[in-house]
Amino acid sequence: MSPRALTAMVTDRRGSALPMAMLALIVLSALILAFSALSASEPVIANNQLMVAQARAIAEAALERALWALNNPGLAGGLANPLPGAIPAPYDGSQFVAVTTGGASIGGFRVIVAGGAAPHERSITADGWAPNDSATPRAKQRITVTALQIRFLDPPAALSVRAGLELSGDSTVDARADASCGSKAGSVSLGATTVGSGTAAVYGQDGNNVKNQDTDAPQNQPESTFDALGYSNAELNMLKALARATGTYYRGAVTFDSSRRIPNGIVYVDTVSGHNIDAAGPGTTPVSDFASVSIGDEAPADPGGAFSGWLIVAGSLSISGSFQMRGLVYALGDLSHAGAGQIEGAVITRNLRAAAGGSPGATLSGAARITYGCGQARTGGGQVPGGFLIKPGTYKEQAG
Amino acid sequence: MPIRLRNENGMTLAEVLAAVAVVGIGLVALASVIPLAAYGIQEGNQLSTATFLANQRMEQVRSATWTTLPAADDLGSSPSTLTAPQSGSATTFPDESPLAAPYAGYTRTVRIRDCSLAGGCSGVQDADLRQVTVTVAYAPMTGIGRTPAGATKSAVLTMLVSKR
């Protein structure tokens, strides 16, 4: 082919319209196919998203069902505490439990409840499916948590001091009024208990109304007496989480009085750093990091004039004035209770550091009064839940 | 005769007409796909939005307080399947029919069943357990436009809640 003929063939436009149209048709066909494919996938994607959301909600339902079972051991479908050796269905994961609403099945779940690392912990594995566990396609979501029951420490006395105890003035510790949790002493101490020459009195449930007997205030008790009276770090973290949830978590030096009132519930006053005392090992937390709490007159926020709850102090606690309380005091440091206040419930001091100058770990003076009340201590005057709750930091979601 | 076959006069018009016909076929095919594709995209959009709105409400319900100690019930329960949940005299999660803009095309309802009622919930009959159902409904589009008035589709989420 001559160069001239080649040039003429390339530049000649005659006969190009149809090929161009065919090319356009091919391009349009490709667009149509792509458009169709993309638009057809949109409902599928949205439906998958809905199924995942349904599966997740049903996994939550499984978790709630397990918590209900743990908190209702006496009911049909409940789980005994402590857990039985053979976990009954459906809590052993053997049974698919359908979840319906309005007569229509949305999905179902399988749930496994097992013992945890501690006796009061439970491990829960909850699997939720939508629309069920055999359909295709199906969505599966798994939630794992550790449930933890806030232990009531059930102290052996109205006032339990893991150090020495000193009472003076007209102060009184009295455990006679409530035997619902067994026979309790007035006070129990690791060190010596010193009762001043005034009218200070300690009464226990020892069958008489004679004050300050050894049976009223057992002293120099072995360390083992106090071993069960401490919360683990996990339990303290749980209590912190509960306090945070209600806005009653504080740190460092805190004063409750008419200008800052103490609200009902779990009140947690943490260390300055926010770390648990000696979490890194015995003696690792300096005393300067300890909390320091002072409670004065008109401190309760409750209009009834009495604080109801658990007061947990990661350090020392000083009470003065006419502070009224129903519940449990748990101090990791020392206690000073003066004035005319009254605590109905129980008081536990852990005295994690020896007091300076050999002074006692707990002192009561003035007209301070502690009256044992098991129900008040257990429930924080009706403000503290006693069932299984989700342990902070253990909630995990997994896609199936 | 050979001269007539080689004569190209008038061929451009025929070519262009044929090309227009071919392109026309393509455009008609494309036009017929557009409503179906639009339906698919719209359906995906509406269902995704409905799922989002249902999840949003479920999170709000999940965070409601329902405790024995202290006694608190911000969850409530529905007196009937047609009624929003109530705690005392207060409606805890009122019906949203329709939702505020930009979701005016959706309605959202919460129904909370007291599991102590006959039938219970997933095998449990106890007042300390409730079943929450969140329904988000919308008017779907079909390949030929909107469905007749009253026809709706919905995203439904349900879960159990136990009293703490």
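Modeller: The model is a predicted one. Chain A contains five helices and 23 strands. Its radius of gyration is 34 Å, well over the 21 Å that the globule rule gives for 400 residues, so chain A is more spread out than a compact globule. The C-alpha trace spans about 130 × 50 × 40 Å along the principal axes. Of the 400 residues in chain A, 47% are buried. Taking contacts between residues at least 6 apart in sequence, 63% join residues at least 24 apart.

The largest nonpolar core has 68 residues. A:Leu159, A:Leu239, A:Phe256, A:Ile295, A:Trp310, A:Leu311 and A:Leu317 have the most contacts inside that core. A second, separate core has 57 residues, including A:Ile143, A:Ala147, A:Phe388 and, from chain B, B:Ala54.

Nonpolar side chains also occur on the surface. Chain A exposes about 16,900 Å², and carbon and sulfur atoms supply 55% of that area. A:Met20, A:Leu23, A:Ile26, A:Val27 and A:Leu31 form a nonpolar surface patch with about 510 Å² of accessible area together. A:Val27, one of these residues, is found in helix α2, which covers residues 17-71 of chain A. The relative accessible area of A:Val27 is 46%, so this residue counts as partly exposed.

Notes: Residues are numbered from 1 along each chain as its sequence is written. Chains are lettered from A and ligands numbered from 1 in the order in which they are written. This is a predicted model: local features need pLDDT of at least 70, side-chain atom pairs count only at pLDDT 80 or more; totals for chains, interfaces and linings use all residues. Side-chain values use heavy atoms; hydrogens and water are left out. Patches are made of residues with over 30% relative accessible area and no salt bridge: like charges are joined within 9 Å, nonpolar side chains (Val, Leu, Ile, Met, Phe, Trp, Tyr) within 5 Å. Accessible areas come from the Shrake-Rupley method with a 1.4 Å probe; for residues, only the protein chains shown count as cover. A salt bridge is a side-chain nitrogen of Lys or Arg within 4 Å of a carboxyl oxygen of Asp or Glu. Helices (H or I, at least four residues) and strands (E, at least two) are DSSP runs, numbered from the N terminus. Buried means under 20% relative accessible area, exposed over 50%, partly exposed in between (1.4 Å probe, protein chains only). The radius of gyration is taken over C-alpha atoms; the globule rule is 2.2 Å times the number of residues to the power 0.38. Contact means heavy atoms within 4.5 Å. A nonpolar core is a set of buried Ala, Val, Leu, Ile, Met, Phe, Trp, Tyr and Cys residues joined through side-chain atoms within 4.5 Å.
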